[in-house]
Amino acid sequence: MTKRTIILSAIAASLLSAGAIAAPAFAADKDTMSDSSKMDKMSDGADMHKMTDTAANETLYKGAWTKKSFKVAGDWSIVRENGKTYIDLSADFKTRNAPDLKVFLSPQEAKSTTGKNATDGALLVAPLSSNKGAQRFELPEGVDLASYKSVLIHCHAYSKLWSAADLIHEEA
């Protein structure tokens, strides 16, 4: 079972137990409360908290990498989960290995970012854990994403910009 399947199953279970969605017609339904009674029950607090947490998890930005010096495969996203914000690299993320690859948020657009100016005003998020595979980096609390225009992979030691991507809002 994949992580996404587990998360979706947990969300569905929370919504079912809160009464926010109906069980499939083939499910055994011993609960005969009306929809308005279920809503009253949800407003008592405990079940409502589950829904609030679920609703608060969202994808803010996502995209693919644009080659600068080297190709980077896979996608990235910036997500908010349970009040924390993360940059996620997809499971198919892969790039050439280097000694000092780091993830940055930059106030510059990807097209105008170079190895020489990549870190100007940029926020160092974290060093890459690996040159391939899914990775997650927590952003510091209070980071104003509106202040940044792109996400970068940059070899800091050699001022070599690997790849960049503009932050484009995820449309609902």
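Are lysine 102 and aspartate 100 buried or exposed? Both residues are buried. The legends below describe close-up views of a predicted model.

**View 1. A salt bridge joins lysine 102 and aspartate 100.** The closest N and O atoms of lysine 102 and aspartate 100 are 3.6 Å apart. Lysine 102 is buried, and so is aspartate 100. The structure holds six salt bridges by the rule used here. Side chains of opposite charge can pair when their charged atoms come close.

**View 2. Glutamate 109 and lysine 111 form a salt bridge.** Their closest N and O atoms lie 3.8 Å apart. Glutamate 109 has 36% relative accessibility and counts as partly exposed. Lysine 111 has 71% relative accessibility, which is over the 50% cut-off. Lysine 111 therefore counts as exposed.

**View 3. Four strands build an open sheet.** The order is E1-E4-E5-E9, and the pairing is antiparallel. Strand E1 (58–64) and strand E9 (135–138) are the edge strands. Each of these edge strands pairs on one side only. Neighbouring strands in this sheet are turned against each other by 20° on average, direction ignored. Strands of a sheet pair through backbone hydrogen bonds, either parallel or antiparallel.

**View 4. Arginine 80 and glutamate 58 meet in a salt bridge between side chains.** The N to O distance is 3.8 Å. This pair links distant parts of the chain. Arginine 80 belongs to strand E4 (residues 75–81), and glutamate 58 belongs to strand E1. The two residues are 22 residues apart. Arginine 80 is partly exposed, at 31% relative accessibility. Glutamate 58 is also partly exposed, at 38%.

**View 5. E4 and E5 form a hairpin.** Two residues lie between the strands. In the turn, asparagine 82 has a positive phi of about 50°. E4 and E5 run antiparallel and are joined by six bridges. Serine 77 stands opposite aspartate 88 in E5.

**View 6. Strand E5 (residues 84–89) also pairs with E9.** The sense is antiparallel, over four bridges. Leucine 89 faces glutamine 135 in E9 as its opposite residue. Isoleucine 87 stands opposite phenylalanine 137 in E9. Why is E5 described as largely enclosed by the rest of the structure? Five of its six residues are buried, so the description applies.

**View 7. Arginine 136 places its charged end over the ring of tyrosine 86.** The distance to the ring centre is 4.1 Å. Arginine 136 also takes part in a network of salt bridges. The network links Glu81, Asp88 and Arg136.

**View 8. Tryptophan 65 and tryptophan 76 are one of two aromatic pairs in the structure.** The ring centres of tryptophan 65 and tryptophan 76 are 6.3 Å apart. Their planes stand at 50°, so the pair is tilted. This pair links distant parts of the chain. Tryptophan 65 sits in the loop between E1 and strand E2 (66–67). Tryptophan 76 is in strand E4, and the two are eleven residues apart. Both tryptophans are buried.

**View 9. Phenylalanine 70 and tryptophan 162 also form a tilted pair.** Their ring centres lie 4.3 Å apart. The planes are at 45°, so the pair counts as tilted. Phenylalanine 70 is found in the loop between E2 and strand E3 (72–73). Tryptophan 162 lies in strand E11 (residues 160–166). The pair links distant parts of the chain, 92 residues apart. Tryptophan 162 is buried, at 4% relative accessibility.

**View 10. Five strands form an open sheet with antiparallel pairing.** Their order is E2-E11-E10-E7-E8. The edge strands are E2 and strand E8 (123–127), and each pairs on one side only. Within this sheet, strand E10 (residues 150–155) and E11 pair over six bridges. The sense of that pairing is antiparallel. Cysteine 155 has lysine 160 in E11 as its bridge partner.

Note on methods:
Residues are numbered from 1 along each chain as its sequence is written. This is a predicted model: local features need pLDDT of at least 70, side-chain atom pairs count only at pLDDT 80 or more; totals for chains, interfaces and linings use all residues. Side-chain values use heavy atoms; hydrogens and water are left out. Two strands pair if DSSP finds at least two bridges between them. Axes are lines fitted to C-alpha atoms, for helices over the stretch in contact, and angles run from 0 to 180 degrees between N-to-C directions. A salt bridge is a side-chain nitrogen of Lys or Arg within 4 Å of a carboxyl oxygen of Asp or Glu. Buried means under 20% relative accessible area, exposed over 50%, partly exposed in between (1.4 Å probe, protein chains only). Rings of Phe, Tyr and Trp (its six-membered ring) pair if their centres lie within 6.5 Å; planes under 30 degrees apart count as stacked, over 60 as edge-to-face and the rest as tilted. A charge sits over a ring if NZ of Lys or CZ of Arg is within 6 Å of the ring centre and within 35 degrees of the ring normal.
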